[in-house]
Every structure is written in structure tokens, then in C-alpha cells.
Amino acid sequence: SHPDFKLNTGALLPAVGFGTWQASEEDTYKAVLAALEAGYRHIDTAAIYRNEGAVGRAINDSKVPRSEIFVTTKLWCTQHTTPEKALDQSLSRLGLEYVDLYLIHWPVMLRTEHAVDGNLLIIPVRPDGSRDVDVENWNFVKTWELMQELPQTGKTKAIGVSNFSINNLKEILRPELGLAVPSVNQIEIHPQLPQEELIKFCASEGIVVEAYSPLGSTGSPLLTDPEISAVAEKYQVQPAQVLINWGVSRGYVVLPKSVTPTRIESNFKHVNLTPEDVEKVSRIIDRIGGKRYVDPNWKPFEAFV
Ligand code: A2P
């Protein structure tokens with residue numbers, strides 16, 4: 001089976017977690033039940049996914065004890081000034097007493113005026129093409145300071161970040177600040193975005209890395225790539241399993257998303273790739289090129305890279 005990773009809090013984190021981004025409430029409920037049934041004990045959601053309610057209902061309706069499941073949710077960009085309130089709201093939607101991990105979703109604060117229900121991601125574009133985002137009056141270092149207070153409330157067991165670059169991490173880790181080291185940095189990783197430097201930096205700081213969009217997200221060319229398919233055939237598994245286990249072999253947590261029960265089940269199966277096959281998958285980028293699936297042109301997020 002898959003290994004566990006140890007957080008800097010001492011908690012164990014299962015290497016393959018269940019991703020729920022881009023899954024509707026209805027699909028999510030069934031998918032999380034299927035995932036728990038298949039053996040997943042690590043579920044990843046976020047306030048902005050708008051499916052926390054379904055995640056929590058599935059957890060509570062399953063026969064798996066809460067203490068055996070590692071649950072992560074994330075602080076959305078419009079709530080950087082009030083992480084505890086945001087966490088309270090997430091817990092209330094989840095119907096849970098606590099989460100195991102609470103992450104800053106992006107190192108960027110968006111103005112609260114944009115937190116219109118159903119429109120959290122819609123940010124006004126200025127005439128010059130830039131986005132109307134408050135980047136001057138708030139710094140994510142302050143958000144991280146506020147996040148520190150959460151573990152002692154018992155509402156989350158650990159805290160971490162997501163979409164943080166090396167520079168972002170260096171900023172919150174400045175020794176004179178004396179702040180906690182994040183337990184986790186969750187970032188996009190797949191063979192077209194291997195993130196070698198960032199992974200190395202996180203390892204040097206004892207930060208566990210988690211990969212989102214490990215299959216290359218919706219419509220990924222990786223799932224039909226001939227070389228990945230050839231490796232999959234050798235082990236008699238699916239390309240998705242090769243991609244998932246390529247990540248685990250490289251030493252980080254992988255969060256595949258699926259709402260299809262057969263895929264949910266097969267994605268959880270451990271495959272022990274040889275170092276040569278890991279290397280083969282790593283080299284695919286030389287042929288098909290790099291790609292980032294989460295919009296790199298979203299200016300406000302670029303501002304902090
Ligand atoms: P679906 O949810 O309809 O099953 P990522 O984890 O990189 O975000 O990728 C998720 C995408 O990959 C979804 O479109 C999901 O489809 C699809 N997917 C998940 N598992 C598999 C699989 N085993 N084979 C093919 N496609 C998959």
C-alpha cells in the first residue's frame with residue numbers, strides 16, 4: 001500500500017488523497033463515499049470548491065470513524081484578514097468539529113467586496129487589463145501570523161499553505177519573524193510541471209509537498225500519452241495510476257480527483273514503478289513541453305511569484 005508522510009506536527013498524512021476540485025456538490029457526495037469505500041483516508045477540499053457540505057455529509061454518513069480520516073480545507077483569498085471566522089464557516093458547512101489541515105489557498109488577498117455569493121472567482125478587470133485586487137494593503141505574512149493561532153483553538157490540527165513559491169515561503173520563514181514552518185505546501189505538479197526546485201526547497205525546510213492536478217487536470221494529454229500508456233501496460237494498470245505513483249515515488253502527496261467510481265478505485269492502487277520508469281515519465285516533458293493548467297495569466301497571482 002501507499003506510504004504515509006509525516007508532518008512537522010508529528011501527524012501522519014496518507015500519500016494518496018482524494019481531490020475534489022471541479023466536482024459539484026452532488027457528484028462530490030457520491031465520490032467521497034466511493035473514495036472512503038475504496039480505502040482513501042485523506043480528503044482534500046476548499047471553501048472555494050463549494051462542495052464542503054457534500055464532503056462533510058459523506059464523511060459523516062460513511063462508516064469510517066472521523067479520527068481515521070485526514071481532512072483538509074482552505075482559506076479563500078477574500079478572507080485573509082479573518083482566517084478563524086473563515087475556518088468556523090468551513091467547519092459549519094462540513095458539519096465537522098475540526099479539520100486536520102487548514103491551508104492558505106493562495107498567497108494573495110482579494111478584496112472582500114468581491115466575495116459575492118456564487119461569484120468568488122470573478123474579479124473586476126480594470127481598463128488597463130489589470131485585475132482589481134488589493135495587493136498593497138495586505139501581505140500574506142500577516143495572514144500566516146493569524147493562521148498560527150488556529151491550532152490552539154482545536155479547530156485545525158495543522159496549518160499550511162498552497163500555491164506558495166520559493167520566494168513566498170522565504171518571506172514567511174524569515175528568521176526575525178519567528179513564525180511557524182508550514183506543515184504543507186500544496187502546488188500543481190505533474191510531468192509537464194515537475195517543480196523540482198520548489199520540491200527540493202520544501203524538503204529542506206521539512207514542509208510536506210502535496211500535488212494537485214496530478215493527472216494534468218481536465219482534458220489532460222498525459223492520460224493518452226503513448227509513452228505513459230506503454231509504462232502503464234507494462235504494469236497492467238492505467239495511465240492515471242502511473243502518473244499518481246510517479247508522484248509518490250518522487251516523495252510527495254498526490255491528490256487525484258475523479259467522480260467516476262471505477263477510476264476512484266483504480267487510482268488508489270499502489271504501483272511500485274522502477275527508477276527507470278520514473279525517469280522515463282520525467283523525460284516526457286522534453287517531447288510534449290511544459291504546461292501549467294491553473295491559469296498562469298491570472299495577474300494577481302503572478303504578482304507574488
Ligand atoms: P472524472 O472526474 O470525470 O472521472 P486531476 O486529478 O489532475 O485534476 O485530473 C482530474 C481529471 O482526470 C478529471 O477530468 C477526471 O475525470 C480524470 N480522471 C481521473 N482519474 C482518471 C482515470 N483513472 N482515467 C482517466 N481519467 C481520469
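**A close look at R57 and beyond**

R57 is found in helix α2. Please keep in mind that this is a predicted model. Is R57 buried, exposed or partly exposed? R57 counts as partly exposed because it has 18 C-beta neighbours inside 10 Å, while a residue needs 20 or more to be buried and 12 or fewer to be exposed. Leaving aside residues up to four places away in sequence, R57 touches Y29 and G95. R57 can also be placed relative to T28: the two are 29 residues apart in sequence, and their C-alpha atoms are 9.8 Å apart in space.

T28 and Y29 both belong to α1, and they lead us to the contact of α1 with α2. The axes of helix α1 (residues 25-38) and helix α2 (residues 52-61) come within 8 Å and cross at roughly 35°. The crossing is right-handed. On the α1 side, the contact is made by E25, T28, Y29, V32, L33 and L36. Facing them in α2 are G53, A54, V55, R57, A58, I59 and D61. By type, the residues of this contact split into eight nonpolar, two polar and three charged. R57 is one of the residues on the α2 side.

Let's step back to the wider fold. The protein has twelve helices and ten strands. Of its 305 residues, 42% count as buried. Among contacts between residues at least 6 apart in sequence, 76% join residues at least 24 apart.

Eight strands form an open sheet in the order β3-β4-β5-β6-β7-β8-β9-β10, with parallel pairing. At the edges stand β3 (18-19) and β10 (253-254); each has a single partner strand, so one side of each has no neighbour in the sheet. Helix α3 (residues 83-94) packs on this sheet and touches β5 (70-75), β6 and β7. The direction of α3 makes about 130° with that of β5.

Six of its seven residues are buried, so β7 is largely enclosed by the rest of the structure. Strand β6 (residues 99-104) pairs with strand β7 (residues 156-162) in the parallel sense over five bridges. Within that pairing, V99 has T156 as its bridge partner, and Y102 has I159. β7 also pairs with β8 in the parallel sense, here over two bridges. V161 finds its bridge partner, N185, in β8.

Most residues other than glycine have a negative phi. N163, in the loop between β7 and α5 (166-172), has a positive phi near 60°. N163 counts as buried because it has 21 C-beta neighbours inside 10 Å. Q195 is not a glycine either, and its phi is positive at about 55°. Q195 lies in the loop between β8 (184-188) and α6 (196-204). With 18 C-beta neighbours inside 10 Å, Q195 counts as partly exposed.

Now to helix α8 (residues 239-249), which is mostly covered, with ten of its eleven residues buried. The buried residues are P239, A240, Q241, V242, L243, I244, N245, W246, G247 and V248. What covers them includes β9 (208-212), α7 (226-235), β10, α9 and α10 (275-282). Just after α8, G251 takes a positive phi of about 95°.

A240 also brings us to the ligand. There are 18 residues around the ligand, and the closest are L215, A240, S258, T260 and R263. Helix α9 (residues 261-267) gives the most to the shell, with three residues. The shell holds six nonpolar, ten polar and two charged residues.

To come back to where we began, R57 is a partly exposed residue that takes part in the contact of α1 with α2.

Notes:
Residues numbered from 1 in each chain as written. Predicted model: local features only at pLDDT ≥ 70, side-chain atom pairs only at ≥ 80, totals over all residues. Near = placed C-beta within 6 Å. Helix = DSSP H or I, 4+ residues; strand = E, 2+ residues; numbered from the N terminus. Nonpolar A, V, L, I, M, F, W, Y, C, P; charged D, E, K, R; others polar. Axes fitted to C-alpha atoms, helices over the stretch in contact; angles between N-to-C directions. Left-handed = near helix turned anticlockwise from the far one by under 90°. Contact = placed C-beta atoms within 7 Å. Pairing = 2+ DSSP bridges.
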